[in-house]
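Hi,

Here's the structure I promised to pass on.

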Amino acid sequence: MSANSMVHPEIPYMKQLTNPLWGILLAPISYSFLGFFLAIKTNAIPLSGLLVLYFFLFIINLQEMMYSKFYKVPKRGQSVVLLLTNFLLLLPIVYFVQTFGIRIGIIAALVVGVNHSWIFHLQSNHPAYAYHVLLNALAKFTVGNFLMYYTITHQISNSVFQVFLCYAIFGISMIQFKQKSVERYNPEKLDYPVWSMFLSLIFNLCWLIAYPISFYILGDHFSLFALVLIGISGIVPILYHLLLKKSEKPNRIGTYFYWYATLLTILIGIFYQL
């Protein structure tokens with residue numbers, strides 16, 4: 001047994017659960033199915049719209065994965081990825097415009113625009129990094145769920161939108177954890193100014209901050225039992241820090257947090273009372 005395994009005992013089935021293929025499938029669910037669970041409480045499921053939105057978010061995640069490795073790809077390969085992924089994303093945007101109107105199409109196009117920030121391979125010590133994380137958290141975890149909810153109900157209330165905003169606070173930490181894992185695996189040594197270390201600390205703690213903020217804003221919509229269950233889900237990022245942070249590859253850590261987001265989606269979506 002290696003010294004590393006003695007310090008970080010392996011969790012049963014963790015290798016299987018953090019397979020990057022799971023991450024590809026779970027990412028669109030993490031970005032939208034909270035909206036799905038809340039919407040089906042009052043409306044029937046329009047299967048076509050659901051499938052188109054899942055395809056849209058699937059390509060968004062695939063595009064993010066490809067863009068984040070652009071610095072390793074020749075210029076011709078970059079052009080192919082840009083053209084192909086944006087053409088595939090144009091198809092659901094056209095569907096959204098025809099089915100739900102120009103405003104929903106513009107919102108979906110803005111999500112695509114924000115996703116292009118991954119091209120620049122921003123490290124956590126870059127001055128624009130904070131905007132990159134915040135915009136992507138809102139685009140994926142708030143707007144993705146908004147689009148799902150609107151696809152089913154054709155409307156949205158302020159109280160439901162608050163749920164999606166609180167969910168994005170969790171998303172900030174998830175993006176941060178993935179980025180820091182990439183930087184740990186990067187052989188290039190990075191210099192971190194004081195402001196960068198402070199910003200990283202805040203982003204690292206967002207998942208913890210999100211629980212009291214969400215309970216304060218949304219507490220009236222949950223039973224005490226539901227709040228306890230949601231609170232217990234905090235063990236997932238704690239286990240990451242204790243067991244996985246220094247031993248797993250970035251793509252597996254990303255998958256791990258898509259499972260966490262899916263768990264939050266199920267708990268909040270099922271127990272939220274309209």
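Helix 3 and helix 12 cross in a left-handed way. This is a predicted model, by the way, so please read everything below with that in mind. The two run over residues 20-39 (helix 3) and 250-271 (helix 12), and they pack at an angle of about 20 degrees, their axes 8 Å apart. Angles under 35 degrees count as roughly parallel, so that is what we call helix 3 and helix 12.

Who makes the contact? On the helix 3 side you'll find Pro20, Trp22, Gly23, Leu26, Ala27, Ile29, Ser30, Tyr31, Phe33, Leu34, Phe37 and Leu38. Helix 12 answers with Asn251, Thr255, Tyr258, Trp259, Ala261, Thr262, Thr265, Ile266, Ile268 and Gly269. Sorted by class, this contact has 15 nonpolar and seven polar residues, with no charged ones.

Then there's the other pair, helix 4 (residues 47-67) and helix 6 (residues 102-115). Their axes come within 10 Å and cross at roughly 15 degrees, so helix 4 and helix 6 are roughly parallel to each other too. Here, though, the crossing is right-handed.

From helix 4, the residues involved are Phe56, Ile60, Gln63, Glu64 and Tyr67, and they meet Ala108, Val111, Val112 and Asn115 of helix 6. By class, that contact comes to six nonpolar, two polar and one charged.

Cheers

Note on methods: Residues are numbered from 1 along each chain as its sequence is written. This is a predicted model: local features need pLDDT of at least 70, side-chain atom pairs count only at pLDDT 80 or more; totals for chains, interfaces and linings use all residues. Side-chain values use heavy atoms; hydrogens and water are left out. Axes are lines fitted to C-alpha atoms, for helices over the stretch in contact, and angles run from 0 to 180 degrees between N-to-C directions. Helices (H or I, at least four residues) and strands (E, at least two) are DSSP runs, numbered from the N terminus. Angles under 35 degrees count as roughly parallel, over 145 as roughly antiparallel, 65 to 115 as roughly perpendicular and the rest as oblique. A crossing is left-handed if the near helix is turned anticlockwise from the far one by less than a right angle, and right-handed if clockwise. Contact means heavy atoms within 4.5 Å. Ala, Val, Leu, Ile, Met, Phe, Trp, Tyr, Cys and Pro count as nonpolar, Asp, Glu, Lys and Arg as charged, and the others, Gly among them, as polar.
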